[in-house]
Amino acid sequence: MVVASEALIEREVFGVTYERFALQKLCARLVKKLGITSVLELPAGGAKAMPGLYSLGFALAGCDVTLVGADCEALNIWRKLGLESKLSYLNSAEISAAAQHQRRWDLVWNFAVLPAVEDPSALLSEMAGFSRRWLMVAAVNRFNVGFNLHRTVHWVYRIPWSHGDVRYFSPFYTRRFLQDQGCSKVRWGVIDCPPWPDSPGFRDLRLHRQGDQPKQWESPYIEHLHRGRFPSWLRYVYWGERFPLPPLLKLPYAHLYYSLGRVADEIPR
């Protein structure tokens, strides 16, 4: 029997708060640049953080968002933020049985999923079956200086690597993968480029030692969003992130990357 305690309450750290802020900004830029009006997140999970919130930026930019497999806590957050009218929800069975090949979403994407799935090709094929125009995946950037520190922590403490195929943490490998799967005009970029390294793995180690039990999450980002006011430090760090350098030069300090491409048989508007 698991007894509820404060140990099961996990508050997202400041780095995750900035990550969510930077991701929100990326979503707004993509909506404006690509004319996206509808988004499917497949699947809508999480990676050591409160799940089901990665598409909030698309909804805030005016898109209709469909989440596949988001949990109840995440759906309650969307309602709390007044975004319920922008949200649709499908479980895994519904997306397979009822919505397959209904190519009604401008963008189909996921966050930190591709490295961990058993068959990335099958997942991308499934995603393409729902997209009218664009496919996108976002993942941790293996070229950040903290990535190998994280792997070293796993090795030193003899914690099995549980984050998936390291090849898909590379924007170059993922770009080729999308091209091999039939996507065209594939591009990549970086997200979440603050002046501190990506997680070196000690928080991850603590969560593993707790048995990766289900957590009750608290998110400062959601608190800021609900109040309609973000602290100044987020904006200052983001100004630095947007300094006009080529993405290649940002790789040593970028925590995340995204790879975006057009589906092979795009449906015109």
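Mentor: A residue is called buried when its relative accessible area is under 20%, exposed when that area is over 50%, and partly exposed in between. Please keep in mind that this model is predicted.

Trainee: What percentage of the residues of the protein chain count as buried?

Mentor: Of its 269 residues, 51% count as buried. The accessible surface of the chain comes to about 13,000 Å², and carbon and sulfur atoms hold 56% of that area.

Trainee: How many helices and strands does the chain have?

Mentor: Its secondary structure comes to 11 helices and 9 strands. Let us take one helix as an example. In general, an α-helix has 3.6 residues a turn, so residues three or four places apart point the same way. Here, α1 has 21 residues and spans 30 Å from its first C-alpha to its last, close to the 30 Å expected at 1.5 Å a residue.

Trainee: Is α1 mostly covered or mostly open?

Mentor: Mostly covered, as 15 of the 21 residues of α1 are buried. The helix is followed by G35, which has a positive phi near 70°.

Trainee: Where is V13 placed, and why does V13 count as partly exposed?

Mentor: V13 lies in the loop between β1 (9-11) and α1 (14-34). Its relative accessibility is 34%, and therefore V13 counts as partly exposed.

Trainee: Which residues make the nonpolar surface patch?

Mentor: V13, F14 and W233 make this patch, with an area of about 270 Å².

Notes:
Residues are numbered from 1 along each chain as its sequence is written. This is a predicted model: local features need pLDDT of at least 70, side-chain atom pairs count only at pLDDT 80 or more; totals for chains, interfaces and linings use all residues. Side-chain values use heavy atoms; hydrogens and water are left out. Patches are made of residues with over 30% relative accessible area and no salt bridge: like charges are joined within 9 Å, nonpolar side chains (Val, Leu, Ile, Met, Phe, Trp, Tyr) within 5 Å. Accessible areas come from the Shrake-Rupley method with a 1.4 Å probe; for residues, only the protein chains shown count as cover. A salt bridge is a side-chain nitrogen of Lys or Arg within 4 Å of a carboxyl oxygen of Asp or Glu. Helices (H or I, at least four residues) and strands (E, at least two) are DSSP runs, numbered from the N terminus. Buried means under 20% relative accessible area, exposed over 50%, partly exposed in between (1.4 Å probe, protein chains only). The expected span of a helix is 1.5 Å times one less than its number of residues.
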